[in-house]
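Student: I have a structure open here and I am new to it. Could you walk me through it?

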Amino acid sequence: MGLIYSGKLWIIQRFISGFSNNSFLVTCKRTKKSIIIDTPAAPVDLLKSSKNFHIVGILITHGHSDHLEGFKDVYDRHQVPVGIGNNDINSLPLKPKDYINVNDGKINRFGDLVIRSIETPGHTAGSTCYFLPGESPGLEPHLFSGDTLFPGGPGKSSSYANFLEIVKSITTKIYTLPKHTYILPGHGEFITLEDSTKEFNEFNNNPLDNKTFGNVKWIR
Ligand SMILES: [Zn+2]
C-alpha cells in the first residue's frame, strides 16, 4: 500500500489485497475525482481511502476473478460507471447500471485525468491497459498493465497462439509508448518500459517453439 506518484495534477495510490493483487486509486488533485483500477478481494484499505475522494468510475484490466472478487464491495459503496474490455464483460459479478467505453484508443477524462484505453488481448481476450500520460513533458507516464506485462515477462498465456497474441499486444501496443513510462501491473512491483524492452530484446534473441506458453519469463 502506498503513494506511488504525486504530481501537480494527480496522485496515484496502490493497495494490495486478495491474491497479492494491486488495485489503484488515481485522483485528480483539483476536482478530487477519482478512478479505481481493479477490485481484488477484501479491498478494505482501498475503500477506506476512497472515502476522501469523489469516485467517478471503476476500470477493470481484465475479467479474472482475482481482480474482481472485491467488485461487489466496491460497487455497493460507489455505484459508478464501469469500464472493462467487451470480451471480458461477462466476467463482472454483477451488471452495473452504466459502462465506460474502453474500446481501443478511447480517451476518458475525469477532472484533469486523461486516461487512454489500450486493448491488449492475449492473457484474456478482453485484457485492456490504461495509460495515463505524463503531466507535462519530462514527467513520467504510467501504464496500468493488468496481467499483460510484469517485470520479467508477460502474463500467463494458455496456448502458443495466446502467447503470440500477448507478445503482439506488448510489442505493438505497449513498447511503442514513451520509454520512461512506468508499468504498474496487476500484481507485484513496477518496471520502466525501457527496462522491460531490454528484457524482451534478450528473450527475442532466442528461437521460439510451440511449447513456449504458460508462465514465460523474458530472461531464462
Ligand atoms: Zn489474470
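Predicted model: local features only at pLDDT ≥ 70, side-chain atom pairs only at ≥ 80, totals over all residues.

Student: Okay, and how many bridges join E1 to E2?

Tutor: There are four bridges between E1 and strand E2, which covers residues 10–17, and the two strands run antiparallel. The link between E1 and E2 is a hairpin that passes through three residues.

Student: How many residues of E1 are buried?

Tutor: The count is zero among the five residues of strand E1, residues 2–6, which is to say that this strand is hardly covered.

Student: Let me zoom out, then. What does the secondary structure of the whole chain come to?

Tutor: The protein chain has four helices and 14 strands. Its radius of gyration is 17 Å, close to the 17 Å that the globule rule gives for 220 residues, so the chain is as compact as a globular protein of that length. The C-alpha trace spans about 50 × 40 × 30 Å along its principal axes, and 41% of the 220 residues count as buried.

Student: Which strands form the open sheet, and in what order?

Tutor: Six strands form it, in the order E7-E8-E9-E10-E13-E14, with mixed pairing. Strand E7 (107–110) and strand E14 (191–192) stand at the edges with a single partner strand each, so one side of each has no neighbour in the sheet.

Student: And inside the sheet, how do E8 and E9 run?

Tutor: Strand E8, residues 113–119, runs antiparallel to E9, and four bridges join them. As one example of the pairing, Glu 119 has Thr 128 in E9 as its bridge partner.

Student: Switching to helices, how far does H3 reach?

Tutor: Helix H3 takes in residues 160–174, and its 15 residues reach 20 Å from the first C-alpha to the last, close to the 21 Å expected at 1.5 Å a residue.

Student: Which residues of H3 are buried?

Tutor: The buried ones are Asn 162, Phe 163, Ile 166, Ser 169, Ile 170 and Ile 174. They lie on the same side of H3, because the arc they cover around the axis is only 125°. An α-helix has 3.6 residues a turn, so residues three or four places apart point the same way.

Student: What covers them, and what is on the face turned away?

Tutor: The cover over the buried residues of H3 includes strand E9 (128–132), strand E10 (142–146), strand E11 (149–150) and strand E12 (153–154). On the face turned away from the buried side, H3 carries the exposed residues Ala 161 and Thr 172.

Student: Now the core: which of its members touch the most others?

Tutor: The largest nonpolar core has 44 residues, and those touching the most other members are Val 26, Ile 35, Ile 36, Ile 37, Leu 59, Leu 113 and Tyr 130. If we set aside residues up to four places away in sequence, Leu 59 touches Ile 35, Ile 37, Gly 83, Ile 100, Val 102 and Tyr 130.

Student: What is Lys 217 in contact with?

Tutor: Apart from neighbours within four places in sequence, Lys 217 is in contact with Gly 152 and Gly 153. Between Lys 217 and Pro 151 the C-alpha to C-alpha distance is 9.2 Å, although they are 66 residues apart in sequence.

Technical notes: Residues numbered from 1 in each chain as written. Core = buried A, V, L, I, M, F, W, Y, C linked by C-beta atoms within 7 Å. Buried ≥ 20, exposed ≤ 12 C-beta atoms within 10 Å, placed from the backbone. Contact = placed C-beta atoms within 7 Å. Rg over C-alpha atoms; globule rule 2.2 N^0.38 Å. Expected span 1.5 Å × (residues − 1). Arc of directions from axis to C-beta. Pairing = 2+ DSSP bridges.
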